[in-house]
Every structure is written in structure tokens, then in C-alpha cells.
Amino acid sequence: MLLQENVALAPLTTFQIGGPARFFVEARSTSDVEEALRFAQSRNLDVFVLGGGSNLLVADSGWPGMVLKVAIAGIEQRPGTRDDKVLFDVGAGESWDRFVSHAIRAHCAGIECLSGIPGSVGGAPVQNVGAYGQEVCETIESVEVFDRSDGRVRELCAEACGFAYRSSIFNTSERGRFIILRATYALVPGGEPHLEYADLKQHFAGRETRPNLAETREAVRFIRGRKGMLIVEGDPDCRSAGSFFKNPILTGQQHEELRRRAEAKGLVVPAYPALEKHKKISAAWLVEKSGFTRGYALGHVAISSKHALALVNRGGATAAEVLAVKDQIQNRVEAIWGVHLEPEPVFVGRN
Ligand SMILES: Cc1cc2nc3c(=O)[nH]c(=O)nc-3n(C[C@H](O)[C@H](O)[C@H](O)COP(=O)(O)OP(=O)(O)OC[C@H]3O[C@@H](n4cnc5c(N)ncnc54)[C@H](O)[C@@H]3O)c2cc1C
């Protein structure tokens, strides 16, 4: 186990913001994880578990305890025991998109629409990542975790992970308890790509043959690139943490109130099948209809010129500046629409 001190965290995040970690360990095996935790315990250090750093806003003062970067590698394929599915056991430190590409080269369907999402395999179950009509909870068979409550390694079946829209036990009821070591995915060999999402249908409109998995992956990456949702070297619109706000889930009464407010302004609240699946409304619509335009900037932080939901670091931004823009957006959306927008990224450390 390699222990380092005062390691800059900003370069380890897609936002490229934040101060250093007092202690930093990269864990390449379960025993590295155990050793790092013993060290943290001996010094009474708070531990933050880092994956690919793509869903984080690190405080300007950094993290005063220990950052444990999970770097466990490996993708192994084996036959499933039911439904003719193929199982992939994947180390938490693998790049998520590398795994998607690997599965598609093996002609296995189930995660093709999740192409181009940055981050690690270990980070993906935490907020049950989803895009273009698929979520990881639909294909996760089980997750191998280190349980910090008793120091044991366990296997959690998908049901035990409590997956819901952008959530799981890992970011709600059991936050901080489990370190994800490996995830097992059950994919369909020779399966057809999932082409339900409007943007994808439009991309392939007019085509006579059904796109294959590889073409679907390329289409998803192309669409994501247009929205600044793909990490592309040199593109300032992807220096972000992806969508900064979750799509709010409203009660019937809240939805009726929103509809009434929209009607009074001559507007209609958009409803797409993808949103209705989770009884959500579009956070991007709320942001734009509150007077925030794409490209709106305050100091070194801006709303992406390609996507109303992404806050981007224009270069040299601080976490305090991001939080100021977050507050501005939240306050105005709440005042105009009566809806509270919940941030999606994880805030690390104290600002
Ligand atoms: C350009 C861009 C586009 C994005 N598009 C999408 C999208 O389409 N859909 C979507 O859902 N998300 C999207 N995201 C958000 C992000 O990519 C995902 O949430 C990703 O799964 C985070 O993984 P990570 O490894 O980077 O986690 P990190 O950002 O490092 O960590 C996020 C959280 O997970 C925890 N964590 C990470 N690894 C582990 C582990 N091994 N064990 C336990 N806890 C762990 C961390 O402690 C933290 O709480 C996007 C982000 C960016 C920058």
C-alpha cells in the first residue's frame, strides 16, 4: 500500500476543483483497502472513498483525513447460471466506459446506452447511474463490498442495494459503510441494443436496418458529446461533474401546483416517457425557465453552453464560486416554481 501526504485532489476530479487530501492511498486489492483502513483508524482519520472523481465537488480546503482511491482492476467473464446470461466480474477501479466497450466487443447487451459515462465501475452503483433509457440496477447481479461496520467482505445481491432513481443504500441509508470492491453484471449475449430513448430514435431515424450494439454505443457517445456530457480533452464544457441537479420527483399536488404556475405564464411543463418512468420533471427546463441561459457565467463558473444542467469550471474556479451559482439557481427556481432542486454531485470536505 502506497501512502502519500498532501495530495492535490483537483486533478483527480472532472471538475478540477478543490484542495488537497491530508493522506492519500491508492488501493489495488482488498488487502490494500484493509491496510489503509487500519492506518486511518490508528490515526482517527475520516475516510473518503474516491473513484473516478466525476461526481464530486471537493472543498477549497480539501479533505483533512484520508482519501482512499479504489483502483482494483480486472474484467472477468463467466457463464451465468440462469437465463443464458453472461456474468462479468469487474474490479471497482476499472473505468466504467472501458467496461462498456469490453462488453460490447464481447457482443453482450444491457449497458450500451451507458456508454461514455465517466467514472469507475465502483462509482456506478452508488447513484445507480443511468442514461438514454438504461440504469445499472437493471443489469447488476451483485456487488462485492468491504463492510466497515465489522471489517468483513460481503456479497450484496442487487435487491439488497436498494436501487432507485440516482440512489442506492450506498448514498442514502448506509452512506459511508461499504467500500465497493467489485461488481458483477449479468448481460445478454447476442442481445439487441435498447433503443427507446427519443434522442437515439431520432439519431437512427430513416435507417432500414436495426443498429447493432457498437453503432448504438457510437451514437450515444456522439449525442453525449454534443451535450458536453462526454469527457473530451480540451473541451471546456466537460470540465464539470455532469448534471449538477437531479430531476425532481414531485407529488401529485406539487405537480398540479407547478402546472398551474406554468399555465399562468403560458407554458406547458414538459413530460417525456423517460421522465414519467420515475415520475420526474425536467430540472433543465426549470433552470432555463427561471431565466438562466446556457453560457450564463458568474466569476469562473458558468452554465455549460451545451446543457442547462451542467455547471462548468471555466478555468481556475473555486468550490465557493460553484456553491454561489448553485445557491442562485436553487433560490430562483424555488421562488418562481416552488420546487427545490437537489444537487447531484457529492460535496467533499467543508467550504
Ligand atoms: C461529463 C459527465 C457526464 C456524466 N453523465 C452521467 C450520466 O449520464 N448519468 C449518471 O448517472 N451520471 C453521470 N455523471 C456522473 C458520474 O459520472 C457518475 O455518477 C459516476 O458513476 C461516478 O463515478 P466515479 O467513480 O467518478 O465516482 P466519484 O465521483 O469518485 O465518487 C462519487 C461517489 O461514489 C462514492 N464511491 C466511488 N467509488 C466508490 C467505491 N468503490 N466504493 C464506495 N463508494 C464509492 C464516492 O465516495 C462518492 O460518494 C456524469 C459526470 C460527468 C463529469
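How much space lies in the second largest pocket?

Author: First, the ground rules. This is a predicted model, where local features need pLDDT of at least 70 and side-chain atom pairs count only at pLDDT 80 or more, while totals for chains, interfaces and linings use all residues. Residues are numbered from 1 along each chain as its sequence is written, and side-chain values use heavy atoms, with hydrogens and water left out.

Now the pocket. The second largest pocket holds about 510 Å³ of space. A pocket is found on a 1 Å grid over the protein atoms alone, as an open set of points with protein on both sides within 12 Å along at least five of seven lines. Grid points are joined across faces, edges and corners, and the volume is the space filled by probe spheres set on the points.

Its lining has 29 residues, and the closest to the centre are Thr14, Pro118, Ile231, Val232 and Cys238. A lining residue has an atom within 4 Å of a point. Strand 5 (63–70) and helix 2 (96–105) are the elements that give two or more residues to this lining. Helices (H or I, at least four residues) and strands (E, at least two) are DSSP runs, numbered from the N terminus. By class, the lining has 11 nonpolar, 11 polar and seven charged residues. Here Ala, Val, Leu, Ile, Met, Phe, Trp, Tyr, Cys and Pro count as nonpolar, Asp, Glu, Lys and Arg as charged, and the others, Gly among them, as polar.

Next, the cavity. In a cavity, a 1.4 Å probe fits but cannot get out. The count is one cavity of 30 Å³ or more. The largest cavity holds about 50 Å³ of space. Its lining consists of Leu9, Leu12, Thr13, Phe48, Leu50, Leu56, Val58, Val67 and Val348. The lining divides into eight nonpolar residues, one polar and no charged.

Then there is the ligand. It is surrounded by 34 residues, and the closest are Val49, Gly52, Ser54, Ser120 and Arg224. To be near, a residue needs a heavy atom within 4 Å. Polar contacts are pairs of N or O atoms within 3.5 Å. A polar side-chain atom of Arg224 lies 2.7 Å from a nitrogen atom of the ligand. For Gln127, a side-chain N or O atom is 2.9 Å from a ligand oxygen atom. With Gly53, a backbone N or O atom lies 2.9 Å from an oxygen atom of the ligand. Strand 3 (47–50), strand 9 (130–131) and strand 13 (178–189) are the elements that give two or more residues to this shell. The shell divides into 17 nonpolar, 14 polar and three charged residues.

Key
A polar contact is a pair of N or O atoms within 3.5 Å; within protein, one must be able to donate a hydrogen and the other to accept it, and residues adjacent in sequence count only if both atoms are side-chain atoms.
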